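Please keep the sequence and the model in view while reading.

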Amino acid sequence: MESFFSEKRTWADGPYLHFVAVLDDPAYAAYAQAHHELLAAYGDRVGIVPAPWLHWTAQGVHHRLDDGQVETAVQAVTEAARHAAPATVTIGPVWPGPSAVTVAMYPEEPLAAVNTLVRAAVSAVPGVQLREAATRFWPHSTLAYFRSPSVHDAEFNRRLRTVRPERVELTINRLLAVHMYQDLDVGYYTWTPIAEIPLGAAEADAAAPEVVCGTARTTATYGTTPPWGDSDAESEITVGRLAVQPPLSESQIRYESFASAALDDSTYFEDAEPPMPVWPDPVTVACERPYGDGVCGSTRLRVRGSWNSPAVIICERGHSWQDTVETMREVIVAAEPAR
């Protein structure tokens, strides 16, 4: 047996560009957690992968790239991924290997197809050198990496076989382009995200609806349940244009206070009525992530979140950022299905 992060596997100059699927499904997190009591018994001889870092690697680049190469590679994969299809797979059983505890992913064919597509796109970027492809692509996720050769013995195998949680089915419908790090202090991989890449034809096309937020809402909207679906159920809505109302200015707040008091008391106030404010027009949301020599500027967006969680906004190039819970609620209200 061997330590996973051996001299031959340790990166000299990471982080490196990787394309991964983040396996953050709660059912898979529970599947991984079922093995933690056994793995924790081995202390720092294993690096147990926490739920936020569970992933499947579609393709990695194992040498440094400059910013231009990273941008070109991400754009190439984003374009190629439009011709891919989401993959529904079953995760399990667990495989105890010579240097890690891995989890099988079946069927292999749709994941191998994603790998082939991503590999071809990245290989076309000038200066990128990929490792030689295996005869057969091996899709898997890793639960723990061995940090000592003394872990994987007969006793470990026997105990691991007694942990048999139900296999998990999930759908991989997007990749994440990341700067991947080997965190040798904890014994597993971490990353910083670059861009989110949907698998399949982009839904944010010219026919997507316009969603204008904040033009006809009241505070009562936010104290009620959502107009459709469960308040904690995640929604993903494609918009052709997302426009939001800027926050109220101080003069607008004073005017609203005056108007509310006037409705309650129909008498004149000692102070003069505040001047009528000029209400700002809704502002179109555009991606401000760096792109090329400037900023992305895309206004073709997908908005994901729930009534009770912030909006995650993803542009057509895969850049993503978070907005407020209020924005997510406005989008859900505006996208209420016709009855």
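This is a predicted model: local features need pLDDT of at least 70, side-chain atom pairs count only at pLDDT 80 or more; totals for chains, interfaces and linings use all residues.

Leaving out residues up to four places away in sequence, Pro 15 touches Arg 64, His 179, Met 180 and Tyr 181. The C-alpha atom of Pro 15 is also separated by 8.5 Å from that of His 63, although these two residues are 48 residues apart along the chain.

## Salt bridges

Across the whole structure, the search finds 10 salt bridges. One of them joins Arg 174 to Glu 196, with the closest N and O atoms 3.0 Å apart. This pair links distant parts of the chain, since Arg 174 belongs to strand S8 (residues 174-183) and Glu 196 to strand S9 (residues 188-198), 22 residues apart. Both Arg 174 and Glu 196 are buried.

A further salt bridge is formed by the side chains of Glu 236 and Arg 304, at 3.7 Å from N to O. Here too distant parts of the chain are linked, with Glu 236 in strand S11 (residues 235-239) and Arg 304 in strand S16 (residues 301-305), 68 residues apart. Glu 236 is partly exposed, with a relative accessible area of 38%, whereas Arg 304 counts as buried at 13% relative accessibility. Through salt bridges that share partners, Arg 174, Glu 196, Glu 234, Glu 236, Arg 302 and Arg 304 are joined into one network.

## Arg 9, a charge with two partners

Arg 9 forms a salt bridge with Glu 2, the closest N and O atoms being 3.8 Å apart. This distance qualifies because a salt bridge requires the nitrogen and oxygen to lie within 4 Å. Arg 9 counts as partly exposed at 24% relative accessibility, and Glu 2 is partly exposed with a relative accessible area of 27%.

Arg 9 also lies over the face of Phe 4, at 4.6 Å from the ring centre. Phe 4 in turn belongs to one aromatic cluster with Phe 5, Trp 11, Tyr 16, Tyr 145 and Tyr 189.

## Nonpolar cores and Trp 56

The largest nonpolar core has 68 residues, of which Tyr 28, Trp 56 and Ile 172 touch the most other members. Besides this, a second, separate core of 17 residues includes Val 211, Val 285, Val 303 and Val 331.

Trp 56 is buried, with a relative accessible area of 1%. When neighbours within four places in sequence are left aside, the residues in contact with Trp 56 include Phe 19, Leu 23, Met 105, Leu 111, Phe 137, His 140, Ile 172 and Leu 175.

## Aromatic pairs

The structure contains 15 aromatic pairs. Among them, Trp 56 and Phe 137 form an edge-to-face pair, 6.3 Å centre to centre, with 75 degrees between the planes. Because Trp 56 lies in strand S3 (residues 55-60) and Phe 137 in the loop between helix H4 (108-123) and strand S6 (140-146), the pair ties together parts that are 81 residues apart in sequence.

With Trp 95 in strand S4 (residues 87-96) and Tyr 106 in strand S5 (residues 100-106), the pair ties together parts that are 11 residues apart in sequence. Trp 95 counts as partly exposed at 25% relative accessibility, as does Tyr 106 at 35%.

The structure holds 0 disulfides. Cys 287 is in none, and its nearest cysteine sulfur, that of Cys 296, is 3.9 Å away.

Key: Residues are numbered from 1 along each chain as its sequence is written. Side-chain values use heavy atoms; hydrogens and water are left out. Buried means under 20% relative accessible area, exposed over 50%, partly exposed in between (1.4 Å probe, protein chains only). Helices (H or I, at least four residues) and strands (E, at least two) are DSSP runs, numbered from the N terminus. A nonpolar core is a set of buried Ala, Val, Leu, Ile, Met, Phe, Trp, Tyr and Cys residues joined through side-chain atoms within 4.5 Å. Contact means heavy atoms within 4.5 Å. A disulfide is a pair of cysteine sulfur atoms within 2.5 Å. Rings of Phe, Tyr and Trp (its six-membered ring) pair if their centres lie within 6.5 Å; planes under 30 degrees apart count as stacked, over 60 as edge-to-face and the rest as tilted. A charge sits over a ring if NZ of Lys or CZ of Arg is within 6 Å of the ring centre and within 35 degrees of the ring normal.
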